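Got a minute to go through a model and ask where its labels come from? Each label gets checked against its cut-off.

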Amino acid sequence: MRQKILEHLPKTDCQMCGMTCADFAAFLLSGDLTPQECPLLQEDAYSAHREALAKILAELAARAKSGHLIDGDKCNGCGICLTVCEYNAANDPESRQGKGPYPNAKVVLRIVNGRVVLADETLCTRLLQAADKCTKCQDHCPTQAIVLV
């Protein structure tokens, strides 16, 4: 996602904002900066870039509180994320066995129509006040359909 954002930045590393374009892209991704904070990006020549960034950042604004960004186009429905999810494994015997949760099971992730979805993000251990945030679903996704931001 950061690379996608970087594609729409001036890529001059002018440092008018106080950093390189790659660093600026990371701050846009985290939501700590906005495109308006890049002086060069405000020039008319970059209007199409601003529009593209606005679209990307709108997607990011819709991300889950747990930080999950799920790209359904990349997901192949393999279900690995379901089996490695800490909550699913601890609370659903079917997920633990690699069979996938029952329809009424309380789980974080579920496969729907061949794609992973957040079934109940409030159960995700990433929302707990822990020093280390779980990244297993992202780390084990063979298609990089799950990105945690």
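What follows is a run of questions and answers about the labels on this structure.

This is a predicted model, so local features need pLDDT of at least 70 and side-chain atom pairs count only at pLDDT 80 or more, while totals for chains, interfaces and linings use all residues. Residues are numbered from 1 along each chain as its sequence is written, and side-chain values use heavy atoms, with hydrogens and water left out.

Q: What makes up the secondary structure of the chain?
A: Seven helices and four strands. Helices here are DSSP runs of H or I with at least four residues, strands are runs of E with at least two, and both are numbered from the N terminus. Reading from that end, the order is α-α-α-β-α-α-α-β-β-α-β. The C-alpha trace spans about 55 × 35 × 20 Å along its principal axes.

Q: Why is L6 called buried?
A: Buried means under 20% relative accessible area, exposed means over 50%, and partly exposed is in between (1.4 Å probe, protein chains only). L6, a residue of helix α1, has 15%, so the label is buried. Of the chain's 149 residues, 36% count as buried.

Q: What makes R126 buried or exposed?
A: R126 has 14% relative accessibility, so it counts as buried. R126 sits in the loop between β3 and α7 (136-140). The C-alpha atoms of R126 and G79 are separated by 19 Å, and the two residues are 47 apart along the chain.

Q: Is Q97 buried or exposed, and what is the value behind the label?
A: Q97 is exposed, because its relative accessible area is 51% and the label asks for over 50%. Q97 belongs to the loop between α6 (93-96) and β2. From Q97 to T83 it's 7.4 Å, C-alpha to C-alpha, with the pair 14 residues apart in sequence.

Q: And what puts S47 in its class?
A: S47, in helix α3, has 31% relative accessibility, so it counts as partly exposed. S47 and Y102 are 55 residues apart in sequence and 49 Å apart in space, C-alpha to C-alpha.

Q: How do you know how many disulfides there are?
A: A disulfide is a pair of cysteine sulfur atoms within 2.5 Å, and a search of the whole structure turns up zero of them. Take C21: the closest cysteine sulfur, in C14, is 6.2 Å from its own, so that's too far for a bond. C78 is in no disulfide either, with the nearest cysteine sulfur, that of C81, 6.2 Å away. As for accessibility, C21 is buried at 10%, while C78 is partly exposed at 43%.

Q: How do you know what span to expect for α3?
A: The expected span is 1.5 Å times one less than the number of residues. Helix α3 (residues 47-61) has 15 residues, and its first and last C-alpha atoms are 21 Å apart, close to the 21 Å expected.

Q: Why do the buried residues of α3 count as being on the same side?
A: The buried residues are A52, L53, I56, L57 and L60. They cover an arc of only 135 degrees around the axis, so they sit on the same side of α3; the arc is that of the directions from the helix axis to the C-beta atoms. The face turned away from the buried side carries the exposed residues A48, E51, K55 and A61. In general, an α-helix has 3.6 residues a turn, so residues three or four places apart point the same way.

Q: What is noted about phi of D13 and N113?
A: Phi of D13 is near 50 degrees, a positive value in a residue other than glycine. D13 is in the loop between α1 (2-6) and α2 (21-30), and at 42% relative accessibility it is partly exposed. N113 has phi near 55 degrees, again positive and in a residue other than glycine. N113 lies in the loop between β2 (109-112) and β3 (115-118), and at 78% it is exposed.
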